[in-house]
Amino acid sequence: MSTVIVKIISALYKIPLTSYIGATGRGYFSIAYNLCLPIHALTMGAFPIAMSKLVSKYNASTDKMKISALKKAGNKLFFFAAFSGLLVMLIAAKPYSELISSSPKSIYTIFALAPSVFFCCLGAGRRSFAEGFIDMKPTAVCQIIEAVFKMVFGLLFARFSMSYFMSTYYEFGTVLGVNYESERQALSAIYPLTSACSMLGVSLGGFAGYVYVSVYVNSHYKMPKPDKDLTKQMYNELASFSFPLLFATAVQSVSQFFDTSSIQYALTLCDKSALSKAYNYFDSDIFTYVFGIYSSCLDFKNLIPGIVMALGVTAVPAVSSAYESNSPKFNLLLNSILKYTSILSCFGGCALALFPNEILSLIYGNSNGDIAKWGSDILFYLAITVLPCCLASSCVFCTQSLGLSKKTVMPFAVSGVLRVILNVILLPKMTINISACALSNFAGFLIILVWNMKIISKNTGAVFSIKDIFVKPVICSSVVFFAVKFIKEAFFTQISSLLTLTICAAICAFLTFILLLLFKCVRISDIISAK
């Protein structure tokens with residue numbers, strides 16, 4: 001539920017934010033996040049899983065002294081990881097913004113985002129400790145606090161900074177003391193500054209979340225004081241358990257980093273004049289502008305894997321516990337996680353693919369009509385290729401929870417290479433351009449998904465139900481897509497986008513519900529048995 005709330009808040013936040021900073025500003029915003037995400041994943045991907053796993057292990061044996069030692073050792077380890085992440089972010093800002101993204105002005109946004117890496121990592125250490133007790137409350141509340149602070153203060157900082165810089169320009173013709181001949185030139189200088197100001201809200205949210213979760217854990221989990229030798233022993237165990245996870249996460253992060261960076265690099269391989277003409281945008285920031293449109297569409301697509309990822313996150317202690325205890329529910333639990341991930345993904349993608357223009361026009365029609373105009377096709381292709389992305393995430397979480405993290409390295413490496421190659425080859429072709437990202441993501445995540453399913457099957461003996469995980473959800477969502485598409489084109493071509501979206505979405509939801517029951521995709525008994 002918290003994941004759904006956070007994704008809704010994030011969507012609500014980015015819509016007015018994009019209205020303030022435009023597609024070009026969103027480009028700067030997204031470039032900063034693209035550098036942050038692999039560093040964020042490295043500092044928060046391996047250690048929290050290891051912490052929750054070991055706390056769960058010693059909690060099962062009621063060894064409070066070792067749990068207390070883990071808590072103390074974890075605080076030290078997470079501080080080191082947080083500081084390292086912050087340092088890397090600051091050092092990498094200049095070369096990344098200039099050499100890879102070809103957007104030197106994005107350095108301001110990167111600097112503003114850097115503190116969030118530090119505080120979010122520290123907060124993750126506290127949250128993962130509670131997760132080891134299967135206590136998800138601090139994680140849920142912390143995520144919501146971070147999202148609310150990001151939205152409220154990010155929008156306030158963006159609005160007031162934009163108002164200040166524009167009023168200064170209109171009054172004196174300058175931005176930070178520099179004269180500009182036209183409003184377009186002034187905006188080109190203002191967008192990176194307002195993007196950086198809005199990013200300060202993210203860092204403030206990370207700090208607020210860390211404060212909350214620290215207070216929660218310290219007040220709810222009072223532990224006896226461990227001796228130094230035991231703390232050192234737990235530190236070594238935590239570090240050794242984290243190492244294979246860290247290595248696997250590093251490969252995943254590098255793979256994702258090169259994938260996103262290759263998109264930015266491949267855009268610079270396009271003919272600049274042809275790209276400007278295609279998007280009717282004649283400015284030196286054309287590459288950042290196109291990337292900003294893509295990022296705006298990606299917000300809606302990412303709602304789907306972001307929501308279904310909750311299944312993967314909660315699977316870590318549940319799958320691990322079921323497997324280690326030789327529970328007969330293990331196979332059922334594994335299939336249920338992937339099946340419901342598939343159902344949510346298919347019908348989420350179906351909804352986005354049916355109404356890309358209506359959604360973008362409704363959100364950005366008044367403030368940024370260019371996003372609605374150029375982004376509809378991009379969003380459509382992202383929507384119909386979302387399934388492997390969602391399933392791969394949940395499957396990888398399951399693989400890691402079974403202690404098989406080392407085996408996930410190769411599929412991520414192969415997937416990353418394939419995505420980079422496809423981006424560099426296809427994206428410069430103006431006939432497909434930025435929409436090529438959907439194809440490269442589909443191919444890359446499909447490899448990760450199939451490979452990880454084989455890893456789990458080979459090492460645990462689990463048997464996957466291809467019919468329940470793939471066939472039924474895909475058939476049902478395809479039927480819904482074509483049925484609603486026919487109804488939409490036959491009866492709703494002459495009415496407003498909002499009315500079309502409302503009526504057709506209701507029809508889509510009704511047909512989805514009926515088909516899920518008819519095809520027996522959803523069984524209440526599965527949920528009861530999984531519990």
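Q: How many residues does the largest nonpolar core have, and which have the most contacts inside it?
A: In this predicted model, the largest nonpolar core comprises 109 residues. Met 89, Tyr 294 and Ile 434 have the most contacts inside it.

Q: Which helix supplies the largest share of this core?
A: Helix α8, residues 286-324, does, with 14 residues.

Q: What does Tyr 294 touch?
A: Leaving aside residues up to four places away in sequence, Tyr 294 touches Ile 263, Ile 378, Leu 382, Ile 434, Cys 437 and Asn 441.

Q: Changing topic: where is Thr 385?
A: Thr 385 sits in the loop between α11 (369-384) and α12 (387-401).

Q: Is Thr 385 buried or exposed?
A: Thr 385 is buried, because its relative accessible area is 16%, and the cut-off for buried is under 20%.

Q: Which backbone oxygen lies 2.8 Å from a polar atom of its side chain?
A: That of Tyr 381. Thr 385 also touches Ala 438 and Phe 442, not counting residues up to four places away in sequence.

Q: One more topic: where does helix α2 bend?
A: Helix α2, residues 64-100, bends by about 45 degrees at Ala 92. A proline, Pro 95, follows within four residues.

Terms used. Residues are numbered from 1 along each chain as its sequence is written. This is a predicted model: local features need pLDDT of at least 70, side-chain atom pairs count only at pLDDT 80 or more; totals for chains, interfaces and linings use all residues. Side-chain values use heavy atoms; hydrogens and water are left out. A nonpolar core is a set of buried Ala, Val, Leu, Ile, Met, Phe, Trp, Tyr and Cys residues joined through side-chain atoms within 4.5 Å. Buried means under 20% relative accessible area, exposed over 50%, partly exposed in between (1.4 Å probe, protein chains only). Helices (H or I, at least four residues) and strands (E, at least two) are DSSP runs, numbered from the N terminus. Contact means heavy atoms within 4.5 Å. A polar contact is a pair of N or O atoms within 3.5 Å; within protein, one must be able to donate a hydrogen and the other to accept it, and residues adjacent in sequence count only if both atoms are side-chain atoms. The bend at a residue is the angle between axes fitted to the seven residues ending there and the seven starting there.
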